[in-house]
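Here's a quick tour of how this fold is put together. Have the model open while you read.

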Amino acid sequence: MRQIVLDTETTGLDPRSGHRIIEVACIEMVNRRFTGHHLHKYLNPEREIDEGAQAVHGITLEFLADKPKFADIADEFLEFINGAELIIHNAPFDIGFLNAELDRLGRVPVGTICGKVTDTLRMAKDLHPGKRNSLDALCERYEIDNSSRTLHGALLDTELLAEVFLAMTRGQNSLMIEPDAAPRPNIGADGLVRERKPLTVRRASPEELAEHEQVLAAINKESKGACLWLPKPDAEAA
């Protein structure tokens with residue numbers, strides 16, 4: 001199962017108004033594990049960058065002046081994502097820009113060469129209705145360190161999004177575990193081993209334990225002694 005986590009930065013919000021991609025980043029996962037392969041390009045948009053967009057990503061037109069145009073990297077990009085499932089946060093935004101760039105070159109849209117496009121924003125809204133589901137909010141919810149994200153950047157955002165996606169779909173891990181396999185190191189998108197953060201254990205207070213016992217007693221009474229979470233008398237005696 002090959003998946004590509006993808007993000008872009010742009011000159012503005014609407015490709016129909018002529019806005020262009022100025023950064024694209026893709027990182028590869030196979031069977032839910034980082035392979036260390038990635039594609040990251042800054043692009044000359046051949047137009048001005050909106051002030052609001054620049055405030056978000058911090059990328060200037062001067063910095064992009066000597067960078068390749070999208071046409072120069074189109075073949076490499078399409079080859080990298082070919083046949084993979086794309087994982088994107090707010091997928092309609094990025095796909096809209098990518099398809100606009102490809103259409104300018106007379107190339108096929110993204111959906112015709114990728115197996116599937118998964119929108120993690122849609123997933124998050126289904127999992128956490130009524131809550132904030134920005135990438136920063138999801139990093140906080142799933143305890144993923146995003147302290148280095150002072151500005152939006154496509155490569156960093158794909159790495160964070162990959163961690164968020166794995167956390168949101170953690171139950172799928174059981175499909176990928178190999179029997180009797182040794183524990184695998186935590187390898188980042190850059191191919192380097194990362195130290196895993198220790199798990200935080202929060203123990204119940206005496207007051208919470210007492211309330212828990214009261215709830216169990218009420219369940220036991222209502223079920224006429226059939227509460228599964230209370231020890232049986234013979235088990236206590238043993």
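## Ground rules

Two strands count as paired if DSSP finds at least two bridges between them. Strands (E, at least two residues) and helices (H or I, at least four) are DSSP runs, numbered from the N terminus.

This is a predicted model, where local features need pLDDT of at least 70, side-chain atom pairs count only at pLDDT 80 or more, and totals for chains, interfaces and linings use all residues. Residues are numbered from 1 along each chain as its sequence is written, and side-chain values use heavy atoms, leaving out hydrogens and water.

## The sheet

Five strands make an open, mixed sheet, ordered β3-β2-β1-β4-β5. At the edges sit β3 (33–42) and β5 (116–119), each pairing on one side only.

β1 and β4 run parallel and are joined by three bridges. Val 5 has Ile 87 in β4 as its bridge partner.

## The cores

A nonpolar core here is a set of buried Ala, Val, Leu, Ile, Met, Phe, Trp, Tyr and Cys residues joined through side-chain atoms within 4.5 Å; buried means under 20% relative accessible area (1.4 Å probe, protein chains only). The largest one has 25 residues, and those touching the most other members include Phe 70, Phe 77 and Leu 98. Elements giving two or more residues to this core include β1 (2–10), β2 (21–30) and α3 (70–81). α3 gives the most, with seven.

Leaving aside residues up to four places away in sequence, Leu 98 touches Leu 6, Thr 8, Ile 21, Phe 70, Phe 77 and Val 110 (contact is heavy atoms within 4.5 Å). Another core, of 17 residues, lies apart from the largest one and has Met 29 and Phe 165 among its members.

Notes. Buried means under 20% relative accessible area, exposed over 50%, partly exposed in between (1.4 Å probe, protein chains only).
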